[in-house]
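Welcome! Please take a look at the sequence and the 3D view before reading on.

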Amino acid sequence: MLDPVMFTGGVYKHDLVTELIEDLGGYLLQKNVTQSEIILLMLVPHEDMPVLEALTKELRGKLERAPLAGTEIAVVTPTLAIHHLPHPACDVAEYLRRHGAKSNMIGMGRGVAREIAQMDEYETALINEHDAVVFTFGNFVDCIIKKEHLYRSLTVPVIVTGGPEMKKEDLPYAFEYVPNVGRIAHRSRKATEIGSLDNIVAAAGRALDSVRAQISKDPLTTTPPRVMEVVREQVPDIMQSHSPLPIALNLNGLRIKLPYDEYHEAVTGVKFDEGVTLGEIAKVLPSRMKNYILVRILPMSETGFVV
Amino acid sequence: MEMDPLEVFKVEMPGEDYGAEKYREIIMDILQDLGLIRSIGRLYVYVDIKTPYFAVYGMIRGKQPPLTVGDVGDLLEAEGGYQITVDDEEHMSNLIRVLWGTYGRENVEQPDRNVLVVLSDESPKDLVVADLETEFKRDLMDALVRIAPEGFRNRRNEMGKDSFFFLAAEETIKPELLSEAKEKLGGMRDA
């Protein structure tokens, strides 16, 4: 059992943390350096947590649980215009990020209005590449109900946020509804507003748990962090990627930020210690996001083994 | 007409109480951002979300006279012309542009950052530097477009001397819709 944690501290001696994680058999998911500060997102074996806690104390760092680490969550706004951005969509995205998720903001091409809102096939497919999605809607009950068709065809759990209080029965296709967000024209700073953001994070946590529960019924052939390690070792060009997070993890696979045409063969061919290649245990597909590579790990029922 | 800033501010959205309350906040935030609150005396907002349309009627508080050279700086008669000393640089660029346009570039000098010298016998005292009225109306339009829900792309506005009317809707704005919105806003005003 791996625990997702976030380490915040000084750059000085932070390599002690990364070395320890390696020795413990954990995974370093993301490393963010901001001048003299560093933020490390990691997966650590549960039973070894005290060792890491001791080291963190010694380095005067801070260790927090990051329940959303290793997942990708989309934050969808009706458009990218001033009406919906930067508040509150950026607040939501940033808050999810602080809890360890990789959040992507998506503005729909034609998501506005009550009667004419629509979502196309590409947008649907792009959102389906994530682990969960947060839709930020406005302040009108009627519009929130009407806009249901936007997310009806999505396969990932949908968290709908809006202003008014609404009953769960009104939104049968939503995984959960979080009220008191809606359209605002200022930054979230009041306690109640921050509280609503906490509710979104909690709802996202529950949504991801439901996906995890679904996956555990037919476990994946291998875990996404393990694939990440192997790809990092055997496709060294990934280190040259300019993305802040060259390999983004999902619950059922990962996204490798290298051009599909040039690299998909190399990725398909990476070999595990057990002798199987990635191509045998996963689907390697072109991602809808830019020209990246999307890896979807096959479940045990399809491959017949676990590595 | 003497009015306090936003002495009347009504928002009506039948069936959407939460929306009405929230839109009050949004309108306040946006008017504050653009510095318009002090210029609006009364504001009535009516939204019918079933049709749907978004209508605003407002009364402008007091008139702002055009800003002249005498208003933005101290004017002194100097040898061979006039000297203008500007305290607030906000209108400096406009001022220079107006002086160039009137006297020609060769007759306007700027010996110091906040001092301008005009080489002419004619006093620049009454030259108009900025038309605050037009600027205000432009800002007001910007605010209304920002306030209205984004999907309401069909807009109509009537800018009067001391009042304004704004209507935004999803569908084409027909005369019936226009008169319905005006009637609703009229009802709010009489109430």
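Predicted model: local features only at pLDDT ≥ 70, side-chain atom pairs only at ≥ 80, totals over all residues.

A search of the whole structure turns up three cavities of 30 Å³ or more, and two of them are described here.

**The largest cavity**

- How much space lies in the largest cavity? It holds about 340 Å³.
- The lining of the largest cavity is made up of 23 residues.
- Nearest the centre of the largest cavity lie A:His84, A:Phe137, A:Gly138, A:Lys147 and B:Pro149.
- Sorted by class, the lining of the largest cavity counts twelve nonpolar, seven polar and four charged residues.

**The second largest cavity**

- The second largest cavity contains about 100 Å³ of space.
- Residues lining the second largest cavity include A:Leu29, A:Gln30, A:Leu41, A:Gly70, A:Thr71 and A:Gly100.
- Strand S2 (27-34) and strand S10 (247-249) of chain A are the elements that each give two or more residues to the lining of the second largest cavity.
- Which element gives the most to this lining? S10(A) does, with three residues.
- By class, the lining of the second largest cavity has seven nonpolar residues, four polar ones and one charged.

**Chain B as a whole**

- Chain B is built with five helices and eleven strands.
- The C-alpha trace of chain B spans about 70 × 30 × 25 Å along its principal axes.
- The radius of gyration of chain B is 22 Å, whereas a compact globule of 191 residues would have one near 16 Å.
- Of the 191 residues in chain B, 46% count as buried.
- Chain B exposes about 10200 Å², and carbon and sulfur atoms supply 45% of that area.
- Looking at contacts in chain B between residues at least 6 apart in sequence, 58% join residues at least 24 apart.

**Helix H3 of chain A**

- Which residues are buried in helix H3 (residues 89-98) of chain A? They are A:Ala89, A:Asp91, A:Val92, A:Ala93, A:Tyr95 and A:Leu96.
- After H3(A) comes A:Gly100, which has a positive phi near 100°.

How values were computed
Residues numbered from 1 in each chain as written. Chains lettered and ligands numbered in written order. Heavy atoms only, no water. 1 Å grid on protein atoms, 1.4 Å probe; cavity = no way out; pocket = protein on both sides within 12 Å on 5 of 7 lines; lining within 4 Å. Points joined across faces, edges and corners; volume = space filled by probe spheres on them. Nonpolar A, V, L, I, M, F, W, Y, C, P; charged D, E, K, R; others polar. Helix = DSSP H or I, 4+ residues; strand = E, 2+ residues; numbered from the N terminus. Rg over C-alpha atoms; globule rule 2.2 N^0.38 Å. Buried < 20%, exposed > 50% of the residue type's maximum accessible area, 1.4 Å probe, protein only. Contact = heavy atoms within 4.5 Å. Areas by Shrake-Rupley, 256 points an atom, 1.4 Å probe, with all protein chains shown as cover.
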